[in-house]
Amino acid sequence: MAQNSNKVKSVDIELKDKLVAINRVTKVTKGGRTFSFSAIVVVGNENGVVGHGLGKAKEVTEAISKGIDDAKKNLIKVPVINGTVPHLQKGKYSGAKVMLKPASHGTGVIAGGAMRAVLESVGITDVLAKSQGSSNPHNVVKATISALAEMRDAATIARQRGVSMDKVFNG
């Protein structure tokens with residue numbers, strides 16, 4: 001499957017951020033325990049652009065803002081057709097496996113926590129999704145984004161193969 005390499009620059013795009021998870025990390029030193037926070041954040045314009053980022057800091061708010069900055073650095077463009085995904089797609093990252101399936105209008109986003117944040121940020125309103133394997137939010141977010149990155153719409157396929165749209169559907 002050809003990778004959708006539509007990297008997007010964050011200039012002139014109105015991005016909304018969603019916090020997926022915050023993790024408190026403890027480091028034990030000879031002077032006692034040192035607490036820090038890591039935050040995984042998803043940003044998107046709810047119109048086919050999405051990115052994820054990880055921020056780490058001593059304060060929660062600082063970790064979130066670092067995560068947002070990181071997410072803006074790796075945005076991708078995803079084809080969204082009538083509020084759903086173009087075709088069934090599976091994605092995998094480490095131990096997390098996800099499956100995205102197109103759904104008819106009015107179905108809603110049927111997905112778990114970390115996947116839901118990514119799908120809503122992209123602007124998908126109707127999808128059936130299943131997360132299998134690891135439920136670690138970091139890996140689930142990365143698996144979902146890898147599945148979305150491999151999505152291709154019919155016009156892209158026709159262009160890549162050098163054939164007409166009729167030939168794509170009628171084979």
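Me: How many salt bridges does a search of the whole structure find?

Reply: A search of the whole structure, which is a predicted model, finds 3 salt bridges. The general idea is that side chains of opposite charge can pair when their charged atoms come close. One of the salt bridges here is formed by the side chains of Glu46 and Lys16, with a distance of 3.4 Å from N to O.

Me: Which parts of the chain does the pair of Glu46 and Lys16 tie together?

Reply: Glu46 belongs to the loop between β3 (32-44) and β4 (49-57), whereas Lys16 belongs to strand β2 (residues 16-29), so the pair ties together parts that are 30 residues apart in sequence. Glu46 counts as partly exposed because its relative accessibility is 36%, and Lys16, at 49% relative accessibility, also counts as partly exposed.

Me: With which residue does Glu120 form a salt bridge when the closest N and O atoms are 4.0 Å apart?

Reply: That partner is Lys18, and the closest N and O atoms of Glu120 and Lys18 are 4.0 Å apart. The pair links distant parts of the chain, since Glu120 is in helix α2 and Lys18 in strand β2, 102 residues apart. Glu120 counts as partly exposed at 28% relative accessibility, and Lys18 counts as partly exposed at 25%.

Me: What separation along helix α2 do Arg116 and Glu120 have?

Reply: Arg116 and Glu120 are 4 residues apart in helix α2, which means that about one helical turn separates them. Their side chains meet in a salt bridge of 3.5 Å, N to O, and Arg116, with a relative accessibility of 32%, counts as partly exposed. Taken together, Lys18, Arg116 and Glu120 are linked in a network of salt bridges.

Me: With the side chain of which residue does the side chain of Asp126 make a polar contact?

Reply: The side chain of Asp126 makes a polar contact with the side chain of His105, at 3.5 Å, and a polar atom of the Asp126 side chain also lies 3.1 Å from the backbone nitrogen of Gly106. If its neighbours within four places in sequence are left aside, the residues in contact with Asp126 include Asn82, Gly83 and Thr84, as well as Ala103, Ser104 and Thr107.

Me: How many bridges join β3 to β4, and how many residues lie between them in the hairpin?

Reply: β3 and β4 run antiparallel and are joined by 8 bridges, with Gly55 in β4 being the bridge partner of Ala39. The hairpin that β3 and β4 form has 4 residues between the strands, and in its turn Glu46 has a positive phi of about 55°. The side chain of Glu46 also meets that of Lys16 in a salt bridge.

How values were computed
Residues numbered from 1 in each chain as written. Predicted model: local features only at pLDDT ≥ 70, side-chain atom pairs only at ≥ 80, totals over all residues. Heavy atoms only, no water. Polar contact = N/O pair within 3.5 Å; in protein donor to acceptor, adjacent residues only side chain to side chain. Contact = heavy atoms within 4.5 Å. Helix = DSSP H or I, 4+ residues; strand = E, 2+ residues; numbered from the N terminus. Buried < 20%, exposed > 50% of the residue type's maximum accessible area, 1.4 Å probe, protein only. Pairing = 2+ DSSP bridges.
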